[in-house]
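Let us walk through a protein model together, one step at a time.

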Amino acid sequence: MSGRKRTLEAFSFELVMIVVAIIALILIIAPSLVVLIVSFTSGFSLRFPPPGYSLRWYVELWNAWQLHFAAKNSLFVALWATGLSVVLGVAAALAISRSRTLSARLLDSLFMSPLVLPALAFGLAALMLFSLVGLPVSPLTLVIGHTVVCVPYVVRNTVAALAQLEPTLLESSAVLGASRLYTFRRIVLPLIRPGIIAGAFIAFMSSFDNVPVSLFLRDAATDMLPIRMWQDLEGKLDVTIAALSGVLIIATVALVAMMERVTGLSRRLTN
Amino acid sequence: MGAAPASRDVTSYGMGLAAPLALFFLLFFVAPLLQLLWLSLHNDTAGLHWGLGQYLHFLTDPFSLGVLGSTLLLGAEVTAVCLVLGFPIAWLYQRVGPKLQTIIIMVVLLPLLTSVVVRTFAWIVILGRQGIINATLQSLGIIDTPLKLLYTQFGVVIALAQVQMPLMTLPLITVLGRIDPNLDDASCSLGAGSWRTFFRIVLPLSLPGVIAGCTLTYAAAITAFITQSLVGGGQMLFMPMYLYQQASTLQNWPFAAAISIIFLLAVLAVVSVFTTLGRLSRGYGGA
């Protein structure tokens with residue numbers, strides 16, 4: 001094979017890969033940009049490009065009390081579900097991370113299974129159980145349901161952080177006379193804290209965005225933001241939702257940038 | 001020998017710490033699913049008469065089987081699109097400097113953490129009658145009347161592929177990072193071209209990541225209730241919406257329970273096929 005033929009061949013390969021990669025990256029980012037631009041429209045429709053630009057829909061959003069109410073509920077449930085997930089998930093991660101026993105592996109699979117099982121089926125199942133035992137739909141049932149589907153993120157990130165912890169550090173600490181609790185507080189916790197924060201962050205975002213579980217476990221008194229948005233969109237294409245989407249996109253970008261600084265989020269998700 | 005148990009003592013924690021979460025899962029995850037199974041095995045809505053009537057109804061009803069089939073097919077289509085588009089992103093990621101790497105990873109990561117309703121809403125804006133695609137094609141004079149893009153299978157697949165792309169790309173980036181770059185050079189210096197090296201060396205070695213990505217993408221795509229219902233519209237029915245209609249609108253809980261169990265089993269079957277493939281490929285890829 002001549003050198004030129006090979007360079008042409010290598011060139012065609014790289015060209016295809018780079019072009020497809022760029023198309024894919026544009027496909028990923030374009031929808032968010034489109035929503036951001038449309039949210040500043042001065043018109044009444046979602047026409048793109050907008051006929052003119054204004055902040056009117058953001059002003060409208062300021063007065064949309066139904067959305068405010070749903071956002072408050074979602075925030076409340078997400079904070080409680082995240083807190084509960086961290087307490088239960090970190091303890092469980094400590095127990096199963098360094099154990100190679102069968103029970104540890106079984107527990108690990110159990111704790112991870114909400115990630116792949118259809119959450120809608122779980123939502124229905126939880127509703128059935130709660131109505132069987134006479135527990136009415138409330139913020140409490142929502143927090144419980146959300147915790148089940150959010151705790152895997154905390155467990156997984158904490159286990160990953162613990163796996164990178166040098167066991168000799170713990171041995172040295174014990175040899176130097178530190179108690180287990182003291183070692184945990186002064187050595188283990190500071191080292192795995194970024195992992196816990198990353199897991200808690202993903203758990204919070206997925207709770208705030210959860211639809212399948214909330215769908216069954218909420219009622220009018222506990223309206224949740226993603227479901228309110230979904231129902232608004234089913235009825236009519238409301239530009240206020242575009243403004244709300246703009247707010248959510250900007251908030252997500254800000255939070256992810258912050259988390260990247262605090263925890264190195266991207267490295268955690270690709271390791 | 002005496003030191004071994006002592007050192008294990010300080011570096012590991014007792015299984016008792018897992019007890020609270022295990023109990024929580026038993027009460028609020030395992031018990032509900034068992035109750036779902038129990039209810040699905042009853043022929044009447046009150047749950048008094050045992051029987052396989054709900055399952056027989058589903059499995060002999062062409063409409064229900066059609067919904068199951070189109071849901072599984074949808075998952076396969078979305079996974080294929082994500083793989084074809086996601087792989088070059090992961091490949092490019094390994095070949096650029098750290099600054100571009102950060103940009104690529106942020107582009108991939110942001111949609112994952114942005115609300116699904118927001119991302120789906122964006123596709124309504126893009127695919128709608130007055131959306132970007134129709135507006136562009138009309139202004140270029142390529143079409144006269146707007147194309148129907150929203151409420152079609154094509155629209156659902158593209159929107160779902162965009163929504164689930166990060167789940168495919170992140171494991172691929174991980175696995176490609178673990179492949180020794182010398183293998184590439186060795187293959188090329190032995191006379192294999194770039195295409196051949198890719199299909200014979202890089203792709204087989206990245207199989208564990210491909211399989212992990214496919215599993216996550218597939219499971220997420222077939223349960224993506226919001227995107228399916230908003231972009232698919234009323235004419236296209238997939239398992240999640242079917243389940244929701246039976247449970248919520250029609251209050252037919254035993255049938256909804258049977259749909260859930262069949263759906264769960266279908267997902268489990270697909271995941272276990274992928275897991276088995278993953279185990280087989282691990283011996284091959286060594287990652």
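To follow the walk you need to know what counts as a helix: helices (H or I, at least four residues) and strands (E, at least two) are DSSP runs, numbered from the N terminus. This is a predicted model, in which local features need pLDDT of at least 70 and side-chain atom pairs count only at pLDDT 80 or more, while totals for chains, interfaces and linings use all residues. Residues are numbered from 1 along each chain as its sequence is written, and chains are lettered from A and ligands numbered from 1 in the order in which they are written.

Let us begin with chain A. Its secondary structure comes to 12 helices and 0 strands. The radius of gyration of chain A is 24 Å, well over the 18 Å that the globule rule gives for 271 residues, so chain A is more spread out than a compact globule. Here the radius of gyration is taken over C-alpha atoms, and the globule rule is 2.2 Å times the number of residues to the power 0.38. Along the principal axes, the C-alpha trace of chain A spans about 80 × 70 × 35 Å. Of the 271 residues in chain A, 48% are buried. A residue is called buried if 20 or more other C-beta atoms lie within 10 Å of its own, exposed if 12 or fewer do, and partly exposed in between, with C-beta atoms placed from the backbone.

Which residues of chain A does UniProt annotate as "domain: ABC transmembrane type-1"? In an unreviewed entry, that annotation covers residues 71-259 of chain A. UniProt positions are given in the numbering used here, feature names are shortened, and annotations may be inferred rather than shown by experiment. Over residues 71-259 the chain is 81% helix and 0% strand, and the end C-alpha atoms are 22 Å apart.

Now zoom in on A:Gly123, which sits in helix H5 (residues 119-132) of chain A. Is A:Gly123 buried or exposed? A:Gly123 has 28 other C-beta atoms within 10 Å, so this residue is buried. Leaving out residues up to four places away in sequence, A:Gly123 touches A:Gly145, A:Pro212, A:Val213, A:Leu215, A:Phe216 and A:Leu217. Touching, or being in contact, means that the C-beta atoms of two residues, placed from the backbone, lie within 7 Å. The C-alpha atoms of A:Gly123 and A:Leu142, 19 residues apart along the chain, are separated by 9.7 Å.

Next comes chain B, with 14 helices and 0 strands. Chain B has a radius of gyration of 24 Å, well over the 19 Å that the globule rule gives for 287 residues, so chain B too is more spread out than a compact globule. Its C-alpha trace spans about 80 × 70 × 30 Å along the principal axes, and buried residues make up 45% of its 287 residues. Among contacts in chain B between residues at least 6 apart in sequence, 74% join residues at least 24 apart.

For chain B, an unreviewed UniProt entry places the feature "transmembrane region" at several spans, among them residues 21-41 and 198-219. Residues 21-41 are 95% helix and 0% strand, with end C-alpha atoms 29 Å apart. Residues 198-219 are 95% helix and 0% strand, with end C-alpha atoms 27 Å apart.

Two loop residues of chain B deserve a look. B:Tyr151 lies in the loop between helix H7 (132-139) and helix H8 (153-177). Its phi is near 65 degrees, a positive value in a residue other than glycine. B:Tyr151 is partly exposed, with 16 other C-beta atoms within 10 Å. B:Gln251 is in the loop between helix H13 (239-249) and helix H14 (253-285), and its phi, near 55 degrees, is a positive value in a residue other than glycine. B:Gln251 has 9 C-beta neighbours inside 10 Å and therefore counts as exposed.

Finally, see how the chains meet. In all, 80 residues of chain A are in contact with 79 residues of chain B. Helix H1 (residues 3-38) of chain A gives the most to the side of chain A that touches chain B, with 18 residues.
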